[in-house]
Amino acid sequence: MKLFLVKRKRLTALACLLAAAVMFWVVNRPLTATAAATRRQLPIYCVQRDQKMISISFDAAWGNEDTQQLIDILGKYNIKATFFVVGDWVDKYPESVKALADAGHEVMNHSNHHDHFSKLSREEIIADVNACNDKIEAVTGVRPTLIRPPYGEYDDNVITAIRAAGMEPIQWDVDSLDWKELPASEITQRVTSKVQPGSIVLFHNAALHTPEALPTILETLLQQGYTFVPISQLILPGEYNVDYTIDHTGRQMAAA
């Protein structure tokens, strides 16, 4: 009888320990999941900068009506921008790609066919990125180091594949919404009211009112003391999670 009671006490104690372990796991599981979520890789939306330094970018995927006009406007203010071009666009308009590079603008990758990367495998994404890089390099002599995923869409597979290909994925924190054919005054208001140090502004090549809005935007921001640099000069160099980190908002910061 005494032996039975001792064994029962041991079993009760073991059951209590198991229950405590389960409760600990349940209580702390959300914290573990949160920690895992914070480790998710993100593209760069903007950069932590003390200086009033920003970048403007243009996505070129379809039309080509205003490329030279954009080059002329930017040249008037001695501003260099970053153009993300699709490989198919390079095939159609190699002379415009060369004109952008000759004017001192960055010509970077916007995919080869503007497919939805989230529907592609890791291998397909890397092949697509390299195909577009090959086309740009053939025209400009410079191989791109930055890419903007088509449609701004991405998931973990897209971002890790892009970085595996040696590229840095770039988004934006200021959207002009010029593709919606907003009036020039509305585009101007949107951009100038949202810009902050380290911002990356999104425009589109062949957007209806962008050439009309751009001079006022540039003049306003210049008067506010902003300087413009291509994105490769705005972002911090080095290796992700070694030399820099990216917070949950997509802001790139120097590693502590």
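User: Helices are DSSP runs of H or I with at least four residues, strands are runs of E with at least two, and both are numbered from the N terminus. On that basis, where does Ser199 lie?

Analyst: Ser199 is in the loop between H7 and S8. The model is predicted, so local features need pLDDT of at least 70 and side-chain atom pairs count only at pLDDT 80 or more, whereas totals for chains, interfaces and linings use all residues. Residues are numbered from 1 along each chain as its sequence is written, and side-chain values use heavy atoms, with hydrogens and water left out.

User: Is Ser199 buried or exposed?

Analyst: Ser199 counts as buried because its relative accessibility is 0%. The classes are buried under 20% relative accessible area, exposed over 50% and partly exposed in between, with a 1.4 Å probe and protein chains only.

User: What does its side chain reach?

Analyst: The side chain of Ser199 reaches the backbone oxygen of Gln196 at 2.9 Å. Not counting residues up to four places away in sequence, Ser199 also touches several residues, including Cys46, Met53, Asp173, Lys194 and Leu234. Contact means heavy atoms within 4.5 Å.

User: Which residues of H7 are buried?

Analyst: In helix H7 (residues 184-194), the buried residues are Ala184, Ile187, Thr188, Val191 and Thr192. Down the axis of H7, these residues fall within an arc of 110°, and therefore they line one face of the helix. The arc is taken over the directions from the helix axis to the C-beta atoms. Ser185 and Gln189, on the other side of H7, are exposed.

User: What does the buried face pack against?

Analyst: The buried residues of H7 pack against strand S7 (174-175), strand S8 (200-204) and helix H8 (210-223).

User: What about H4: which residues are buried there?

Analyst: Ser96, Val97 and Leu100 are buried in helix H4 (residues 94-102). The buried residues of H4 fall within an arc of 105° when seen down its axis, so they line one face. Their packing partners include helix H2 (67-76), strand S4 (106-109) and helix H5 (122-140). Just after H4, Gly104 has a positive phi of about 95°.

User: Which residues other than glycine have a positive phi?

Analyst: Ala206 is one of them, with phi near 70°, and Asn241 is another, with phi near 65°. Most residues other than glycine have a negative phi. Ala206 is in the loop between S8 and H8 and is partly exposed, with a relative accessible area of 25%. Asn241 is in the loop between helix H9 (231-234) and S10, and at 51% relative accessibility Asn241 counts as exposed.

User: Which salt bridge has buried partners?

Analyst: Glu168 and Arg163 are both buried, and their closest N and O atoms are 2.6 Å apart. Elsewhere, salt bridges that share partners join Asp134, Glu137 and Arg143 into one network.

User: Finally, what is the strand order in the open sheet of three strands?

Analyst: The order is S1-S11-S10, with mixed pairing. Strand S1 (46-47) and strand S10 (244-246) stand at the edges with a single partner strand each, so one side of each has no neighbour in the sheet. S10 and strand S11 (residues 251-254) pair in the antiparallel sense over three bridges, where pairing requires that DSSP find at least two bridges between the strands.

Conventions. Polar contact = N/O pair within 3.5 Å; in protein donor to acceptor, adjacent residues only side chain to side chain. Salt bridge = Lys/Arg side-chain N within 4 Å of Asp/Glu carboxyl O.
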